[in-house]
Amino acid sequence: MDTRNRILMAVAALMLIGVYFTPIWSISMEAPQYPEGIGMNISIDNIEGKNENDLQNINGLNHYIGMKEINPDSIPELKVMPYIFGFLILSGLVIAGIGKPKWILFWLGLFVLFAIAGLVDFYLWGYDYGHNLNPDAPIKVPGMTYQPPLIGSKQLLNINATSLPHIGFYISLLSMSIAGTVWWRSKKD
Amino acid sequence: MNKLLKKSLLWSLAAITAMGFISMGCSSNGEFGSSSDAAQKVYVAPGEHDEFYGFFSGGYNGQMGVYGLPSGRHIFTIPVFSQAPVNGYGFSEETKAMLQTTDGFIPWGDAHHPELSQTDGETDGRWVFMNENNTPRVARIGLDEFKTQEIIEIPNSAGNHASSFVTPNTEYVSAATRFSIPMKEGSLENMDVSIDSYKENFKGTISFIKVSDEGHMSIDFQIMMPGFNYDLSHAGKGPSDGWSFFTSYNSEEANTLLEINASKNDKDYIAAINWKKAAEYAKQGKGEMIPGKHYRNYIDHEEGGIAKSEVIEEVRVLDPRKLEGIVYFLPTPKSPHGVDVDPTGQYIAAGGKLSTVIPVHSFAKMQDAIENEDFAGEEQGIPVLKYDSILHGEVENPGLGPLHTEFDGKGNAYTTAFISSEIVKWNIEKTEVVDRIDVYYSPGHLMIPGGDSENPDGKYLVSLNKITKDRYLPTGPELFHSAQLIDISGEKMELLLDFPTEGEPHYAQGIAAEKVKKNQKRFYEIDDNNHPHATKSEKETKVVRDGNEVHVYMTTIRSHFTPDNIEGIKVGDEVYFHVTNLEQDWDVPHGFAMKGANTSEILVMPGETLTLKWQPKKVGVFPFYCTDFCSALHQEMQGYVRVSPENSDTPISYSTGQ
């Protein structure tokens, strides 16, 4: 690997620091009573309202359908993810130092696996929140579940929920593609 | 009857019929002004906002109405001087103190003149002040939360009418007594004397209330005045900044049948007050501190927004007979009502309600006359200037009963004529009428947004009419007052809209919506709630007995109370429900009403704590419930209190969801 590629690989690793500061996913909700919208951002270590009290207000709405309270402290993945990204950054830097293209492939494979695992996990959480409802809920609509879409929009009673990747996700994608390019260019060496 | 006569009779009949139709169509009530063109100008589409806020005094309802302009939509009522069951103002433990006076708790007031705070002579959207006429007071309303934040009582005054007008940087809000009363020389104590000793004993005062940067009001000084009736006021601006002008009538000093006896003099006076000079005297400790007990009630933001009362014992009084150069009388025909200073600050227009002209004084000429001591004489020790020396001009043919004037910032003044029921537009420099328009009926004040400031928004004018009669669907003998919106953007005034107003708006103020919108609070941060009885989570809710006082620390969130089952209350207890609304979203208030409580409900805003006091008188189980349709399960938002006999030993217990 030449110096340029090593630098690029280091950049791919270091740019993941940005993931600590931006959400990776966002769920926006629209309803007539919320003309300015309400929603939450999911980052690697937290779930936060888009506006200051959105999470509290979403939980307030959800209690009518018997959905569990969304409480970031009770989601263990949010504790683990910062370490996974820490590992990716450090190992990426080491690989840039060693300069072996094969290691990049290995790193990329791991990254993609983490990403898939993350999305599956997110789906499962969504499934659990949407299906595992309190039987004492005031509002029970036969056959209705409230799983938010993994990606895209879905009408849930009066609320149209839209789930989309956020900046952190795109940073990860960019990091992957830089690493992929580095591997592609340097494997011929 | 021959044919010819018949024919001519028929013709004239036809002509009369035609004339009748024409005159009917020709708007004896302004209908022609309200064309579809006018409708478009006042149409604010669903979901859109008005261009201006209008703050209208509620007159004898004691409150302040908030209207959107140009639509005329009534968007809010701010409780100020009267108890308001709508949200518990003046009823709840937190707000009762706002209505305390030296005469005790007064549940009602007569609100007259709203005035927006100003910076550099321009409305700034921080506060709106309003005076109370009956029990002399001035209120300050915060436009961040549309809530009365402070009320100060005016001592040594009886009837606070010429109030609450601000100086160009809101240094002062003024007040002046409408009804002079006998006051002891030296102590200004009200006297037990014969009413017909008026000329000998009766006096008036003009007060200047200092306003701090935070809005704190305190009476800096009062000026002793002859026993006239002080009616209205406006502060000078630009070149006349530092002066305030107060109209007076009853310079005859009559004490009975004033309609005749106070209408005799050809001229009464505008009192020109050099408040800057008076403030200097006050600062130097001149004048005298005399007893003048008065209340200052204010929302204590340091302690949960609870209203507190402070009693102030003394007030500084300046005697213009001893302190030179603070008061001059400008002779003005005839029983003048309004006094209005044009945006340039050069001219002072008076509404001599019995006068056939509108006199316009020149500030520059007034100053020259003072400098040259060009006096006509003295009135009870106060120099009187010469009418002809200070006159800029007289507006001829201004309509009958001119009362109030506002300005468009384009060199024009607009004056209401009560008796001839019209608004007259006149050129200030030329003092000539340039346009007039009928209004329905009998206008009192009028308002142009910023129309009494240095920078008017000369687009709309609101005529505040005193007589309504047939303008709306009839509602029996008692009617809302009527306001009319007039387009003043062109050469000719054009009537656009009638809209009803609550109470009797006297004066009003208008301001570009942007100046106020940007400061709006949407709810109170629960973390910042420093109310001593706040309950910040359901876990902290409790019921505490202290002798026969029971304190219920209760929370609300959609759609339940915590606790909602309370036992152990006894007949004869004093139960305080301290209700904290845990919601943290815009427009999610919860109400609280208790069966049998001798007070109003309370309406608790998100993050706020309010207290309702209940003294149960009967044994049994009594419901309470949320009065605001807060959510889909609002009807379920209820609870019960069990009341046991006085000597029973039912223990205190409370729960939710068990």
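Strand 1 (residues 25-30) and strand 2 (residues 38-43) of chain A run antiparallel and are joined by five bridges. Strands here are DSSP runs of E with at least two residues, helices are runs of H or I with at least four, and both are numbered from the N terminus; two strands pair if DSSP finds at least two bridges between them. Within this pair, A:Trp25 stands opposite A:Ile42 in strand 2.

A word on the model: it is predicted, with local features needing pLDDT of at least 70 and side-chain atom pairs counting only at pLDDT 80 or more, while totals for chains, interfaces and linings use all residues. Residues are numbered from 1 along each chain as its sequence is written, and chains are lettered from A and ligands numbered from 1 in the order in which they are written.

Stepping back, five strands of chain A form an open antiparallel sheet in the order 3-2-1-5-4. Strands 3 and 4 of chain A stand at the edges with a single partner strand each, so one side of each has no neighbour in the sheet.

| Edge strand of chain A | Residues |
|---|---|
| Strand 3 | residues 46-49 |
| Strand 4 | residues 152-156 |

Neighbouring strands of the sheet are turned by 15° against each other on average, direction ignored, with axes fitted to C-alpha atoms. Helix 2 (residues 54-62) of chain A packs on the sheet, touching strand 2 and strand 3; the direction of helix 2 makes about 115° with that of strand 2, on a scale from 0 to 180 degrees between N-to-C directions, the helix axis being fitted over the stretch in contact (C-beta atoms, placed from the backbone, within 7 Å).

Altogether, chain A has five helices and five strands, running α-β-β-β-α-α-α-β-β-α from the N terminus.

Terms used: Contact = placed C-beta atoms within 7 Å.
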